[in-house]
Structure formats: C-alpha cells, structure tokens
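Try each one yourself before reading its solution.

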Amino acid sequence: METMNSTDKTINPTAGEATPDATTATDRQYNENDFKKGQPRWCPGCGDHSFLASLQKAMAELGIPPYKTAVISGIGCSSRLPYYVHAYAMQTIHGRAAAVATGVKVANPDLTVWQISGDGDGLAIGGNHFIHANRRNIDINMILLNNRIYGLTKGQYSPTSPRGFVSKSSPYGTVEDPFRPAELCFGARGHFFARAVANDTRHTVDVLKAACRHKGSSVVEILQNCMIFNNGAYGPVYTNEGRKRNAIYVEHGKPLVFGENNEYGLVQEGFGLKVVKIGENGITIDDILVHDAHCEDDTLQLKLAMMDNEHGFPVALGVIRDVEAPTYDDALHAQLKEVEQQKKYHNFMELLETNDIWEVK
C-alpha cells in the first residue's frame with residue numbers, strides 16, 4: 001500500500017493556499033493549478049490525461065480546499081491518478097479502493113472523498129465493494145474509468161469487455177457477457193449515476209461537480225479509449241461530431257432530444273423507449289419525454305442508462321439518476337452519538353469505574 005500525504009497540515013499561504021484553521025479558508029478562489037502535482041505518466045492520448053484535467057478543474061470550481069479533499073485508488077493505469085492531485089491521497093491494493101474510501105469518510109466526515117477505479121479494479125476484484133458501497137449509500141464519489149480492457153497488465157479482457165472481444169487472454173473471443181456499470185449500480189440500489197466521455201472536458205467537469213454535490217454514494221462512468229490495447233472502444237461518441245449524432249445529453253427537467261439539430265427525441269413505447277423524429281408522423285416536442293433524474297422509481301432512468309448505438313439508440317450522457325436518501329456515514333455517527341448519551345461511561349477510565357473496584361495492597 002502506498003500513501004501520498006501530498007498536502008501538509010499547514011498549507012503554504014504564499015502559494016495561494018489557506019491554512020486549515022483560517023476562517024476565510026473556504027472563501028478563497030481556487031484554480032486547477034492548486035490541485036496539480038507531479039508529472040502524469042500515462043500513454044500519449046490516454047483518456048486519463050483528459051479526465052485528470054477535468055477532475056482538477058471540477059475541484060477548483062467546487063471550491064473545496066485541498067486539505068479537505070482525499071483521492072483514493074486501487075491498482076491499474078487509472079489508479080495512478082492520486083499521485084497527480086495535490087490533496088490527501090492513497091493508492092491502496094487491487095480492488096479495495098471503495099473499502100478504504102469508506103473508512104476514510106467514516107473516520108473523517110469533513111473530507112470530500114474521491115475514489116478512482118478502472119473497470120477491472122472496480123468491477124472484478126473490487127466488484128463486491130462497489131455494490132456494497134452503493135447499497136450502504138456512503139457519501140463518496142466513485143469514478144469508474146471504463147476502457148473495457150486491463151491496460152496495466154497489458155491487454156487482457158475485463159468485466160466490461162463485450163462478448164466476442166479478442167484479447168491476449170481471449171484469443172478466440174471472450175464467451176462471457178459483460179457487466180454494464182449502470183445496471184450494476186442500479187441493482188445495488190444506487191442513488192446517483194452519471195456518465196461522461198473522457199475527452200468531453202466541459203461536460204465531464206459539470207458531471208463531476210453534480211456527483212460531488214450529491215449527498216450519498218455517486219457513481220460516474222467515464223468512457224475512454226485505451227490507445228494501446230483497445231483504441232476505438234467508444235469511437236462513435238469520442239468526437240464532438242460523433243456525440244452530436246450518437247449521444248444524448250440528458251438534463252433534469254429538459255426534453256430528451258438529440259441530433260445535430262435536436263431533430264430526434266425519445267418517447268415511451270410500451271415498457272420501452274423509442275426514437276422518433278420531431279415533425280414526422282405528427283410528433284411534436286410535446287410528445288417527447290422529459291428527463292426526471294430525481295424520480296425515486298428508476299425504471300425509465302435505467303432504460304436511459306442502458307441505451308446503446310448497437311440497438312439504434314443514442315448513448316446517454318449526463319446525470320441519469322440523482323435521488324436523495326439517508327447516508328451510511330450520517331446514520332452511523334448519529335447512532336454513535338445516541339449510544340454515547342445512553343451510556344454511563346464515555347472513556348476507558350469511566351468504563352472501569354462502572355463495575356466493582358478492588359484496591360490490592
């Protein structure tokens with residue numbers, strides 16, 4: 001396990017950083033440079049570079065100081081990210097990022113905790129922790145950098161690789177069906193799910209800010225290519241022009257329209273969704289579904305999250321689900337406070353004195 005205490009308890013005010021006990025610490029303006037550290041070592045063109053820049057920009061715009069921020073990761077290419085963020089940080093062991101992030105948040109509720117995992121680290125060996133962090137609704141931001149491949153170990157198929165995918169560990173094509181992160185999150189009773197494309201910087205920043213502002217577990221799936229072992233994994237949505245044709249940006253309270261001129265929309269057909277063209281067959285904008293990210297019933301949200309180009313639908317980007325619910329960390333600390341008030345003792349010495357005491361001479 002490697003830890004990186006990349007910010008001191010007293011942060012250098014001359015570098016534009018306030019000390020933790022300064023009354024004006026949260027009033028100052030931050031920029032992305034306040035959260036930068038080190039020289040990123042990823043392959044040229046890797047989506048990790050774009051995502052790191054978006055995360056640092058989101059952190060700056062949120063205005064939460066580095067000394068109130070923690071970045072936790074597991075193992076993998078993406079899990080090197082904590083080395084490049086000026087904040088409290090820890091690279092843990094394979095698949096255990098969610099468990100450690102949970103411990104960090106429970107131990108220090110004042111910290112804003114970002115968990116960074118890849119699809120292998122987060123959904124294979126770390127899959128159990130992923131579902132239980134969602135079920136518990138611990139107040140951490142879980143970022144899943146999904147390139148559908150094991151990159152650090154040189155190109156084996158991952159839990160999100162599609163059936164038939166040819167890789168070093170599946171030379172004749174994998175015979176497994178993949179996890180779909182949205183489906184797994186929703187099935188674990190997750191309350192926040194969003195999706196963005198790694199090189200869609202401004203949109204990624206907005207999604208990350210929404211995830212951070214959500215109180216409870218938030219899952220953000222970042223779609224990115226692995227330039228070496230799985231380039232083109234998200235080709236249809238990896239350019240601005242591609243996203244205009246093949247993606248839909250969902251926004252709470254807004255009609256579900258897409259296309260280069262917003263000429264297409266989504267309507268409900270039976271228990272499913274259907275793509276229609278506005279102006280054809282009597283379809284008007286009033287017929288188009290309006291996105292409700294706050295609806296507790298996740299039926300339509302899940303259908304949005306599961307859309308793909310292969311079945312004639314646009315890929316949904318943005319905040320798909322955002323529902324408030326009690327959080328694990330708040331409930332735990334409230335329970336501890338209640339129990340403490342009921343007990344006759346509040347420290348070890350008081351505990352000893354609650355029973356009979358003999359003095360041996």
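**Exercise 1. Look at the hairpin of strand 9 and strand 10: which residue takes a positive phi, and how are the strands joined?**

Solution. Keep in mind as you go that this is a predicted model.

Step 1: Find the turn. The hairpin of strand 9 and strand 10 has five residues between the strands, and Gly259 takes a positive phi near 110°.

Step 2: Look at the strands themselves. Strand 9 covers residues 257–258 and strand 10 covers residues 264–269; they run antiparallel and are joined by two bridges.

Step 3: Pick out a pair. Opposite Phe258 you will find Tyr264 of strand 10.

**Exercise 2. Move on to strand 10 and strand 11: how many bridges pair them, and in which sense?**

Solution. Step 1: Count the bridges. There are six between strand 10 and strand 11 (residues 272–277), and the pairing is antiparallel.

Step 1: Check some partners. Val267 has Lys274 of strand 11 as its bridge partner, while Leu266 stands opposite Val275 in strand 11.

Step 2: Inspect the turn. Two residues lie between the strands of this hairpin, and Gly270 takes a positive phi near 65°.

Step 3: The three strands form an open sheet in the order 9-10-11, with antiparallel pairing. Strand 9 and strand 11 each pair on one side only, and they are the edge strands.

**Exercise 3. Describe how helix 1 and helix 6 cross, and say which residues make the contact.**

Solution. Step 1: Take the axes. Those of helix 1 (residues 47–62) and helix 6 (residues 201–213) come within 8 Å, crossing at roughly 50°.

Step 1: Classify the angle. Helix 1 and helix 6 are therefore oblique to each other.

Step 2: Assign the hand. The crossing of helix 1 past helix 6 is right-handed.

Step 3: List the contact. Helix 1 contributes Phe51, Ser54, Leu55, Lys57, Ala58, Glu61 and Leu62, and helix 6 contributes Thr201, Arg202, Thr204, Val205, Leu208, Lys209, Cys212 and Arg213.

**Exercise 4. Is helix 2 mostly covered or mostly uncovered, and what do its buried residues pack against?**

Solution. Step 1: Count. Eight of the 11 residues of helix 2 (residues 97–107) are buried, and the helix is mostly covered.

Step 1: Name them. The buried residues of helix 2 include Val100, Val104 and Val106, and also Thr102 and Lys105.

Step 2: Find the neighbours. The buried residues of helix 2 pack against strands 2, 3 and 4 and against helices 3, 4 and 9.

Note on methods. Residues numbered from 1 in each chain as written. Predicted model: local features only at pLDDT ≥ 70, side-chain atom pairs only at ≥ 80, totals over all residues. Heavy atoms only, no water. Axes fitted to C-alpha atoms, helices over the stretch in contact; angles between N-to-C directions. Helix = DSSP H or I, 4+ residues; strand = E, 2+ residues; numbered from the N terminus. Parallel < 35°, antiparallel > 145°, perpendicular 65-115°, else oblique. Left-handed = near helix turned anticlockwise from the far one by under 90°. Contact = heavy atoms within 4.5 Å. Buried < 20%, exposed > 50% of the residue type's maximum accessible area, 1.4 Å probe, protein only. Pairing = 2+ DSSP bridges.
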